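Thanks for coming, everyone. Please look at the screen while I talk.

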Amino acid sequence: MKEFAGMDVFDKMDATIVDRLQQDGRLSNAKLAEQLALSEASCWRRQKRLEDSGVIKGYQAVLDRRKLGFGVMAFVQIVCTQHGEEVTAAFEAVIQACPYVLGCHNTTGEADFLLIVVARDLDDYSRFVDTVLRKLPGVASIRSNLSLREMKATNRLPVLAEPFR
């Protein structure tokens, strides 16, 4: 058993529950309990504890971006000249509000931020760069890498995988 932030313990059964829910977030408590050989009440309590502690943050459908018309995915490296609290807060507010930005990470290395951005096509992406990225406070440079082929995309965490050795 491991101790996790917000939880006293996170055991193999908890890991199995979250793994199954990552595979199918619509899995009913009754079906999940049956698969794990738990009582429905015990399964529900565990799942509720995982939700209340924040291990399970929510449930959502996984969508195919291409079928919805988002043919471009870009990985955008941003270098900033200013790093003060006010400029960083303004940068973050713009990024948080932009639905085309799927992810934003403050990184080490040459770039300060790495963004994952979707757009309908290259013209749409170009407008995004001009109207959003180039207007961000404190930005010195923007470098875009376009995805040519997506070989793997997942949000599933390897909760049952053995650690690297």
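I'll go through the cores, then the helices, then a few single residues.

First, the ground rules. This is a predicted model: local features need pLDDT of at least 70, side-chain atom pairs count only at pLDDT 80 or more, and totals for chains, interfaces and linings use all residues. Residues are numbered from 1 along each chain as its sequence is written, and side-chain values use heavy atoms, with hydrogens and water left out.

Some terms. Buried means under 20% relative accessible area, exposed means over 50%, and partly exposed is in between, with a 1.4 Å probe and protein chains only. Contact means heavy atoms within 4.5 Å. A nonpolar core is a set of buried Ala, Val, Leu, Ile, Met, Phe, Trp, Tyr and Cys residues joined through side-chain atoms within 4.5 Å. Helices (H or I, at least four residues) and strands (E, at least two) are DSSP runs, numbered from the N terminus.

Now the cores. The largest nonpolar core has 19 residues. Val76, Ile78, Leu115, Tyr125, Phe128 and Leu133 have the most contacts inside it. Which elements give two or more residues to this core? They are strand S3 (72-80), helix H4 (85-97), strand S5 (113-119) and helix H5 (122-131). S3 gives the largest share, five residues.

Take Leu115. Setting aside neighbours within four places in sequence, Leu115 is in contact with Ala74, Phe75, Val76, Ile78, Ile95, Val101, Gly103, Cys104 and Leu133. There is also a second, separate core, with 12 residues. Phe10, Leu27, Leu50 and Ile56 are among them.

Next, H5. Its buried residues are Asp124, Tyr125, Phe128 and Val129. They cover an arc of only 140° around the axis, so they sit on the same side of H5. That arc is taken from the directions from the helix axis to the C-beta atoms. Asp123 and Thr131, on the other side of H5, are exposed. What covers the buried residues of H5? The cover includes S3, strand S4 (101-106), S5 and strand S6 (139-146).

On to helix packing. Two packed helices are described by the angle between their axes and the distance between the axes. Here, axes are lines fitted to C-alpha atoms, for helices over the stretch in contact, and angles run from 0 to 180 degrees between N-to-C directions. Angles under 35 degrees count as roughly parallel, over 145 as roughly antiparallel, 65 to 115 as roughly perpendicular and the rest as oblique.

Start with helix H1 (residues 12-23) and helix H3 (residues 40-52). Their axes come within 10 Å and cross at roughly 80°. H1 is therefore roughly perpendicular to H3. From H1, Met13, Asp14, Ile17, Val18 and Leu21 meet Arg46, Gln47, Arg49 and Leu50 of H3. By class, that contact has five nonpolar, one polar and three charged residues. For those classes, Ala, Val, Leu, Ile, Met, Phe, Trp, Tyr, Cys and Pro count as nonpolar, Asp, Glu, Lys and Arg as charged, and the others, Gly among them, as polar.

Stay on Arg49 in H3. Arg49 is partly exposed, at a relative accessible area of 29%. Arg49 and Asp14 are 35 residues apart in sequence and 9.6 Å apart in space, C-alpha to C-alpha.

Now helix H2 (29-36). In H2, Asn29, Leu32, Ala33 and Leu36 are buried. Seen down the axis of H2, those residues fall within an arc of 100°, so they line one face of the helix. They pack against H1 and H3.

How do H2 and H3 meet? Their axes come within 9 Å and cross at roughly 105°. That makes H2 roughly perpendicular to H3. Asn29, Ala30, Leu32 and Ala33 in H2 meet Glu40, Cys43, Trp44 and Gln47 in H3. The residues of this contact divide into five nonpolar, two polar and one charged.

Ala37 follows H2, in the loop between H2 and H3. Most residues other than glycine have a negative phi. Ala37 has a positive phi, near 60°. Ala37 is exposed, with a relative accessible area of 72%.

Lys57 lies in the loop between H3 and S3. Is Lys57 buried or exposed? At 80% relative accessibility, Lys57 counts as exposed.

Last, Cys98, in the loop between H4 and S4. Cys98 counts as buried, at 11% relative accessibility.
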